[in-house]
Amino acid sequence: MIDRLEKEVDMLERHLQVLKMVIENEPIGIVKMSNETGYPHHKVRYSLRVLEEENLIEPSSQGAIKTERTAEFVDELDGKIDDIVDKLESMKIEDVAEIEG
């Protein structure tokens with residue numbers, strides 16, 4: 001049950017790392033991103049596709065570049081992550097009396 005969430009978080013981390021590289025190094029290509037992150041080309045390519053579908057990046061002849069929507073997304077990101085962290089914190093089952101089996 002929790003394994004799927006963990007995989008999604010790992011994938012989100014990769015997508016955001018790729019987005020950060022585009023923001024800091026635009027234009028940037030798949031090979032350079034793969035070499036710097038250690039992610040295989042196919043995973044970088046997938047992250048780029050997801051980011052492009054979200055209109056956060058766009059392709060150019062020299063590599064990926066950010067879009068007009070990127071800054072707005074980045075501005076809202078920390079708040080959204082904080083909300084998710086709060087929700088996950090509230091889901092912890094740590095104060096339950098000892099469970100007997």
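1. A quick word on terms to begin: helices (H or I, at least four residues) and strands (E, at least two) are DSSP runs, numbered from the N terminus. By that reading, Val-9 sits in helix H1.

2. Please keep in mind that this is a predicted model, where local features need pLDDT of at least 70, side-chain atom pairs count only at pLDDT 80 or more, and totals for chains, interfaces and linings use all residues. Residues are numbered from 1 along each chain as its sequence is written, and side-chain values use heavy atoms, leaving out hydrogens and water.

3. On the overall fold, the chain has 4 helices and 2 strands, in the order α-α-α-β-β-α along the sequence. With a radius of gyration (taken over C-alpha atoms) of 17 Å, well over the 13 Å from the globule rule (2.2 Å times the number of residues to the power 0.38) for 101 residues, the chain is more spread out than a compact globule. Its C-alpha atoms fill a box of roughly 60 × 30 × 20 Å along the principal axes.

4. Of the 101 residues, 24% count as buried, where buried means under 20% relative accessible area, exposed over 50%, and partly exposed in between (1.4 Å probe, protein chains only). Val-9, at 47%, is partly exposed.
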